[in-house]
Amino acid sequence: MSKALTTFALVAVLTALLMALSLAVARHGYPYGAFGVKRLDGIADAGSFIPLAAVYFFSALLMMILPLRAASIVLTNAADALFWATVALFATIVGCLVARWAFGQGGVLWALVNWRFLFVAAIVAAHLAMNELRRNILLRSLFFVVFAAATLACLFWTFPA
């Protein structure tokens, strides 16, 4: 957990610094600053967590039914990578918004109230609870169904914007 928080904080700070640099350059009238802001804003979308969550929940579903060795391969090669991608992407979004807030765009932090960020919380909670879920056969069976439903919902349900 502390490694995830450290990674989140470092990526958020680095992104905030880059966004602040781009905003400062744009404020002085250089077109390169607006280009940098546009690039950083391009990845700052809460909707990108829905397909990421679908792939993560599918790998979690596989970890619930596979034997231990195969499940460990899925964990180390898929679920961990997706977890860290989620942490880095969310930290990037927070860093961009904090830099914009620091440059006087006060209402920009309300973007963090978007309900689609619940997918980030679901991925992080599932990843942190994965050991406990794998140990208990009842929880494993229950969360097999939960992860299957979550995967199908992320793939096929039309979520309102």
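Which residues form a nonpolar patch on the surface, and how much accessible area do they have together? L10, V13, L14 and L17 form this patch, with about 380 Å² of accessible area together. The structure is a predicted model, in which local features need pLDDT of at least 70 and side-chain atom pairs count only at pLDDT 80 or more, whereas totals for chains, interfaces and linings use all residues. Residues are numbered from 1 along each chain as its sequence is written, and side-chain values use heavy atoms, with hydrogens and water left out.

**Figure 1. Overall view of the helical protein.** The protein contains seven helices and zero strands, and its elements run α-α-α-α-α-α-α from the N terminus on. Helices (H or I, at least four residues) and strands (E, at least two) are DSSP runs, numbered from the N terminus. The C-alpha atoms fill a box of roughly 60 × 35 × 20 Å, taken along the principal axes. Of the 161 residues, 37% are buried; buried means under 20% relative accessible area, exposed over 50%, and partly exposed in between (1.4 Å probe, protein chains only).

Figure 2. L10 is located in helix α1 (residues 2-27) and counts as exposed, at 51% relative accessibility. Patches are made of residues with over 30% relative accessible area and no salt bridge; like charges are joined within 9 Å, and nonpolar side chains (Val, Leu, Ile, Met, Phe, Trp, Tyr) within 5 Å. A salt bridge is a side-chain nitrogen of Lys or Arg within 4 Å of a carboxyl oxygen of Asp or Glu. Accessible areas come from the Shrake-Rupley method with a 1.4 Å probe; for residues, only the protein chains shown count as cover.

**Figure 3. Aromatic pairs that involve F57.** A search of the whole structure finds nine aromatic pairs. Among them, Y56 and F57 form an edge-to-face pair, 6.0 Å centre to centre with 75 degrees between the planes. Rings of Phe, Tyr and Trp (its six-membered ring) pair if their centres lie within 6.5 Å; planes under 30 degrees apart count as stacked, over 60 as edge-to-face and the rest as tilted. Both Y56 and F57 are buried. F57 and F147 form a stacked pair, 5.9 Å centre to centre with 15 degrees between the planes. Because F57 lies in helix α3 (residues 49-65) and F147 in helix α7 (residues 137-156), this pair ties together parts that are 90 residues apart in sequence. The relative accessible area of F57 is 5%, and F147 is buried at 3% relative accessibility.

**Figure 4. A further aromatic cluster.** F8, F49, F90 and F117 form one aromatic cluster.

**Figure 5. V55 and L82.** V55 is found in helix α3 and counts as partly exposed, at 47% relative accessibility. V55 and L82 are 27 residues apart in sequence and 7.9 Å apart in space, C-alpha to C-alpha.

Figure 6. An unreviewed UniProt entry lists residues 48-69, 81-103, 109-130 and 137-159 under "transmembrane region". UniProt positions are given in the numbering used here, feature names are shortened, and annotations may be inferred rather than shown by experiment. Residues 109-130 are 55% helix and 0% strand, with their end C-alpha atoms 31 Å apart. Residues 137-159 are 87% helix and 0% strand, and their end C-alpha atoms are 32 Å apart.
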